[in-house]
Amino acid sequence: MTMGEGTRAVRAGLPEARKYEPTLPGPVFAAHYHLPGEPTGPYTYGRDSNPTWTLLEQAIGELEAPGGDGVETVVFASGMAAVSAVLLSQVRAGDVVVLPDDGYQALPLVRQQLEEYGVEVRTAPTGGDAQLAVLDGAKLLWIETPSNPGLDVCDVRRLADAAHAGGALVAVDNTLATPLGQRPLDLGADFAVASGTKGLTGHGDLLLGYVVCRDAALAERVRKWRKVVGAIPGPMEAWLAHRSLATLQLRSDRQCANALALARALAGRAEVTGLRYPGLPEDPSHKLAVAQMRRFGAVVSFELPDRAHAERFLAEVRLVDDATSFGSVRSSAERRGRWGGDAVAEGFIRFSAGAEDPDDLVADVLRALDAAAG
């Protein structure tokens, strides 16, 4: 049966209907299971497997690779646990890993850890497919598109084809796009990786990560890493995540529409520079984004003249939380330079559009900009 994205999101991962049982079973809280005889069943110990994970993993797999046979999904306690699982389960001392140098703020920490393990790490910007220039001899290419927080976009298929030709694996961080915005596996990636904390679950109330791939052997290495390290999600978090998937399309459509409306409004402000949103026709990444994305995400980035100006703006908004995450139904924004880990100007703002009424959100932002300029 062919289903639309909204139907798929609502139905993903639901078990077969059984009389008197809920459509989505509640979380299974279990450290151990009844296990007489040989341990041949699917559930043996709580660090290895859990029925609540199973349903969530099936659901995420259906969203990242609809209709795909043999899709393997592994859920984790956080996005960084998922990132670490791919990198640390697939490479070893002497290997070469290529990372973006404009990606998520924690990637420099990952680089440091890899180098301490004897892995050579090379970096290049996301934009212009610059990672192509440092691929020679790589074991694994890590792509982040759109990049966080700069929102550059690269050609996933072009990079994946080049990496595979040289014998490298390819992982794509799909956090900003979500499975409704982009499907990395269909673009040639070996792994789709994301922080489910953000847009996937969309309420700012849980931590979660996941890895999806089509190769059972690669997935088994990732799953083994989860078992050894113990980076497992709690059953309540997994159940909340699955419940939240039902509204993914509704949330995503409103948030993307709000992000575009906000970007258009910001484009007319003299004090705003460096505006980026892949959904804007005038954005440098728009043409490429249209070719490989179905939605352009909830995040808009821009610069205000300086740190003080940015902080006045953030103090004035009323419908926007000054918070460091993104993808929630409640709009949030932050002066990204306060963390010190991103190569951004002091007045750089990362803005995550929520699900508020678009007129209300845009009016609040414009009012705050007026107040900050006064």
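Which relative accessibility does F313 have, and does it count as buried or exposed? F313 has 0% relative accessibility and therefore counts as buried; buried means under 20% relative accessible area, exposed over 50% and partly exposed in between, with a 1.4 Å probe and protein chains only. Welcome to a predicted model, in which local features need pLDDT of at least 70 and side-chain atom pairs count only at pLDDT 80 or more, while totals for chains, interfaces and linings use all residues. Residues are numbered from 1 along each chain as its sequence is written, and side-chain values use heavy atoms, leaving out hydrogens and water.

**View 1. An open sheet of seven strands.** The strand order is β1-β7-β6-β5-β4-β2-β3, with mixed pairing. At the edges stand β1 (72-76) and β3 (120-124), each with a single partner strand, so one side of each has no neighbour in the sheet. From one strand to the next, the twist averages 20 degrees. Two strands pair if DSSP finds at least two bridges between them; strands (E, at least two residues) and helices (H or I, at least four) are DSSP runs numbered from the N terminus.

**View 2. The pairing of β6 with β7.** Residues 191-195 (β6) and 209-213 (β7) pair in the antiparallel sense over five bridges. Look for S195, which stands opposite G209 in β7.

**View 3. Helix α5 on the sheet.** Residues 156-165 form α5, which lies across β4 (140-144) and β5 (169-173) and runs at about 155 degrees to β5. Axes are lines fitted to C-alpha atoms, for helices over the stretch in contact (heavy atoms within 4.5 Å), and angles run from 0 to 180 degrees between N-to-C directions.

**View 4. The buried side of α11.** In this helix, L361, V362, D364, V365, A368, L369 and A372 are buried. They cover an arc of only 160 degrees around the axis, which puts them on the same side of α11; the arc is that of the directions from the helix axis to the C-beta atoms. What covers them includes α8 (248-266), α10 (307-316) and β12 (348-352).

**View 5. Aromatic pairs.** The count comes to three aromatic pairs, where rings of Phe, Tyr and Trp (its six-membered ring) pair if their centres lie within 6.5 Å, and planes under 30 degrees apart count as stacked, over 60 as edge-to-face and the rest as tilted. One of them is the tilted pair of F76 and W225, 6.4 Å centre to centre with 55 degrees between the planes. Both F76 and W225 are buried. F302 and F313 form an edge-to-face pair, 6.2 Å centre to centre with 75 degrees between the planes.
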